[in-house]
Amino acid sequence: MDDCIFCKIVNEEIPTKFEWNDNEVVAFDDINPIAPVHIVIIPKRHIESLKEVKKEDVELLGKIQKIASELAGKKGIKDAFRVLTASGKGAGQTVFHLHYHLIGGWKDKAPEMEAGKDEQESE
Ligand code: 5GP
Ligand code: ZN
């Protein structure tokens with residue numbers, strides 16, 4: 001996709017240091033990290049989000065999770081990490097090329113996953 005920033009990263013139009021690079025998947029540091037370790041893992045093929053995933057992509061998704069685990073090991077966070085993806089604008093997706101955030105490296109423990117919980121409770 002011409003105007004997709006992650007496709008540009010895949011095609012090396014934007015110079016990026018890859019933490020992972022094989023025939024189907026690349027991973028690189030997030031430009032705006034939300035944790036001490038924050039890596040973005042993406043398929044090279046442009047898929048908009050999890051919503052657009054097809055049956056033939058299932059193996060690729062499994063592979064990405066395995067890569068997340070391997071990168072967690074490489075980054076020294078294998079005992080405490082999260083893998084997250086947002087699907088759709090309403091869920092906070094800002095780049096519409098499927099990607100997984102691998103985050104970790106917190107000093108003591110991970111922050112609670114409570115975003116939006118209070119709003120729901122007060123409704
Ligand atoms: P989303 O908000 O869609 O779940 O995640 C998109 C992520 O991509 C954000 O965390 C954002 O910081 C990251 N990002 C956006 N543009 C770039 C870029 O040009 N380079 C890198 N390394 N990360 C980017
Ligand atoms: Zn793309």
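The following questions and answers go through a predicted model, from its overall build to single residues and a ligand.

Residues are numbered from 1 along each chain as its sequence is written, while chains are lettered from A and ligands numbered from 1 in the order in which they are written. In this predicted model, local features need pLDDT of at least 70 and side-chain atom pairs count only at pLDDT 80 or more, whereas totals for chains, interfaces and linings use all residues.

Visitor: What share of the residues in the protein is buried?
Guide: A residue is buried if 20 or more other C-beta atoms lie within 10 Å of its own, exposed if 12 or fewer, and partly exposed in between, with C-beta atoms placed from the backbone. Strand β5 (residues 100–104) is mostly covered, with four of its five residues buried. Of the 123 residues in the protein, the buried share is 21%.

Visitor: In which order do the strands form the open sheet?
Guide: Two strands pair if DSSP finds at least two bridges between them. Three bridges join β1 to β2 (residues 25–29), and five join β2 to β3 (residues 37–43). Another five join β3 to β5, and four join β4 to β5. The pairing is antiparallel and the order is β1-β2-β3-β5-β4.

Visitor: Which strands stand at the edges of the sheet?
Guide: An edge strand here has a single partner strand, so one side of it is left without a neighbour in the sheet. The strands in that position are β1 (18–21) and β4 (81–84).

Visitor: How many residues lie between β1 and β2 in their hairpin?
Guide: β1 and β2 run antiparallel. In this pair, Phe 18 stands opposite Phe 28 in β2. The number of residues between the two strands of the hairpin is three.

Visitor: Is Ile 39 buried or exposed?
Guide: Ile 39 is in strand β3, where Asp 29 stands opposite it. Leaving aside neighbours within four places in sequence, Ile 39 is in contact (C-beta atoms, placed from the backbone, within 7 Å) with residues including Ala 27, Leu 71 and Leu 102. With 26 other C-beta atoms within 10 Å, Ile 39 is buried.

Visitor: How far apart in space are Glu 48 and Leu 98, C-alpha to C-alpha?
Guide: Glu 48 is found in the loop between β3 and α2 (58–74), and is partly exposed, with 16 other C-beta atoms within 10 Å. Not counting residues up to four places away in sequence, Glu 48 touches Phe 96, His 97 and Leu 98. Glu 48 and Leu 98 are 50 residues apart in sequence, and their distance in space is 5.3 Å.

Visitor: What is phi of Glu 12 near?
Guide: Most residues other than glycine have a negative phi. Glu 12 is found in the loop between α1 (5–10) and β1, and is exposed, with 11 other C-beta atoms within 10 Å. Phi of Glu 12 has a positive value, near 60°.

Visitor: How many residues of the shell around ligand 1 are nonpolar?
Guide: A residue is near a molecule if its C-beta atom, placed from the backbone, lies within 6 Å of it. The residues around ligand 1 include Ile 5, Phe 28, Asp 29, Asp 30, Gln 93 and Val 95. Ala, Val, Leu, Ile, Met, Phe, Trp, Tyr, Cys and Pro count as nonpolar, Asp, Glu, Lys and Arg as charged, and the others, Gly among them, as polar. The shell has four polar and two charged residues, and the number of nonpolar ones is six.

Notes:
Contact = placed C-beta atoms within 7 Å.
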